[in-house]
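Thanks for coming, everyone. I have one structure to walk through today. Please put it up on the screen.

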Amino acid sequence: MKIDLEYKVEQKAQMLERMRANPRVAHIRLAAPEDCLFGLSIQGVYEKDQVPSIPRKECSRPEGCICTYEPVLNTIYP
Ligand SMILES: [Zn+2]
């Protein structure tokens, strides 16, 4: 559903924006489920300004892309 995808894109963009604005977040991990082949091909830890946007239309998951962002916290932050 197109509206649903647009909503998810918006939601993930806001999530990414908050993580980028948070100084405790050192890097951002893109996490994909096992049944999302495209997600698995791009999952990993990224610099905050180099994270690919999600969800992706290339996602092969039948119920829709559930790839997500996870913050990697800066552990040496005081
Ligand atoms: Zn996906």
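Let me start with a term. A nonpolar core is a set of buried Ala, Val, Leu, Ile, Met, Phe, Trp, Tyr and Cys residues joined through C-beta atoms within 7 Å. Buried means 20 or more other C-beta atoms within 10 Å of a residue's own; exposed means 12 or fewer, and partly exposed is in between, with C-beta atoms placed from the backbone.

Now the ground rules. This is a predicted model: local features need pLDDT of at least 70, side-chain atom pairs count only at pLDDT 80 or more, and totals for chains, interfaces and linings use all residues. Residues are numbered from 1 along each chain as its sequence is written.

First, the layout. The protein chain has 2 helices and 3 strands. Helices (H or I, at least four residues) and strands (E, at least two) are DSSP runs, numbered from the N terminus. From that end, the order is α-β-α-β-β. The C-alpha trace spans about 45 × 25 × 15 Å along its principal axes. Of the 78 residues, 14% are buried.

Next, the sheet. In what order do the strands sit? The order is β2-β1-β3, in an open sheet with antiparallel pairing. Strands pair if DSSP finds at least two bridges between them. At the edges are β2 and β3, each pairing on one side only. From one strand to the next, the twist averages 35°; axes here are lines fitted to C-alpha atoms, for helices over the stretch in contact, and angles run from 0 to 180 degrees between N-to-C directions. Strand β1, residues 25-31, is joined to β2 by 3 bridges. Arg29 stands opposite Val45 in β2.

Now the core. Which residues make up the largest one? There are 9: Ile28, Leu30, Ala32, Cys36, Val51, Ile54, Cys59, Cys65 and Cys67. Take Leu30. Beyond four places in sequence, its contacts (C-beta atoms, placed from the backbone, within 7 Å) include Ile42, Tyr46, Val51, Ile54, Cys67 and Tyr69.

Then Cys59, in the loop between β2 and β3. Why does Cys59 count as buried? Because 21 other C-beta atoms lie within 10 Å. Leaving aside neighbours within four places, Cys59 touches Cys36, Phe38, Gly39, Cys65 and Cys67. Phe38 is 21 residues away in sequence, yet 5.3 Å away in space, C-alpha to C-alpha.

One last detail. The peptide bond from Ile54 to Pro55 is cis, with omega near -5°. Pro55 lies in the loop between β2 (44-46) and β3 (68-73).

Note on methods
Two residues are in contact if their C-beta atoms, placed from the backbone, lie within 7 Å.
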